Amino acid sequence: MLTLENAPIGTKALAIGGGHWVRTERGWKWCTGATFPRPGGDWNGELIKPVNFQPKGSQCTACKHRNGPCSHLPFHKMPVCNTLPDGTKVVICREFERRNVK
Ligand code: SF4
């Protein structure tokens, strides 16, 4: 179960009147302001897990960049083709380039 203590970085805690805190390495950062040890008293008790994105594996297998670091790519802006049971979004990578097969 997701709690304030085990929430991964990027988790959102929603406020009753709108807005949210985001879990960071230093605590809970209000969406427009400072970081606090915990969400404020108007936290509605709801936590939303961060969404993870990953490129489609079959694309990477055929891509000339398959051995290069790709973690810097903006996967969150790429088209989603599938959602895994844990909520991870599988995307079509826009940086895909077919490798030459000999
Ligand atoms: S550029 Fe995209 S498709 Fe190619 S290896 Fe990297 S993540 Fe996979």
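The legends below describe close-up views of a predicted model.

**View 1. Two domains of the protein.** The protein is divided into domain 1, residues 12–48, and domain 2, residues 53–91. Taken over C-alpha atoms, the centres of domain 1 and domain 2 are separated by 29 Å. A further distance can be read from one residue pair: G18 and T61 lie 43 Å apart in space, C-alpha to C-alpha, and 43 residues apart in sequence.

**View 2. The five-stranded open sheet.** The strand order is β4-β3-β2-β1-β5, and the pairing is antiparallel. The edges are formed by β4 (35–36) and β5 (43–48), each of which pairs on one side only. Strands of a sheet pair through backbone hydrogen bonds, either parallel or antiparallel.

**View 3. The hairpin of β1 and β2.** Strand β1, residues 12–15, is joined to β2 by three bridges, and the two run antiparallel. L14 has H20 in β2 as its bridge partner. Four residues lie between β1 and β2 in this hairpin, and G18 in the turn has a positive phi of about 105°. G18 is placed in the loop between β1 and β2. G18 counts as exposed because it has 8 C-beta neighbours inside 10 Å, and the limit for an exposed residue is 12 or fewer.

View 4. Strand β2 spans residues 20–23. W21 and R23 make up its covered face, whereas H20 and V22 make up the uncovered one. H20, on the uncovered face, is the bridge partner of L14. W21, on the covered face, has W30 in β3 as its bridge partner.

View 5. Three bridges connect β2 with β3, in the antiparallel sense. This hairpin also has four residues between its strands, and G27 in the turn has a positive phi of about 150°. On to β4, strand β3 (residues 28–30) pairs in the antiparallel sense over two bridges. K29 stands opposite T35 in β4. Strand β4 is an edge strand.

**View 6. The residues around the ligand.** The shell consists of P55, Q59, C60, C63, H65, R66, C70, L73, C93, E95 and F96. By class, seven of the shell residues are nonpolar, two are polar and two are charged. Among the residues around the ligand are the cysteines C60, C63, C70 and C93.

Conventions
Residues numbered from 1 in each chain as written. Predicted model: local features only at pLDDT ≥ 70, side-chain atom pairs only at ≥ 80, totals over all residues. Pairing = 2+ DSSP bridges. Near = placed C-beta within 6 Å. Nonpolar A, V, L, I, M, F, W, Y, C, P; charged D, E, K, R; others polar. Domains from an automatic or database assignment. Buried ≥ 20, exposed ≤ 12 C-beta atoms within 10 Å, placed from the backbone.
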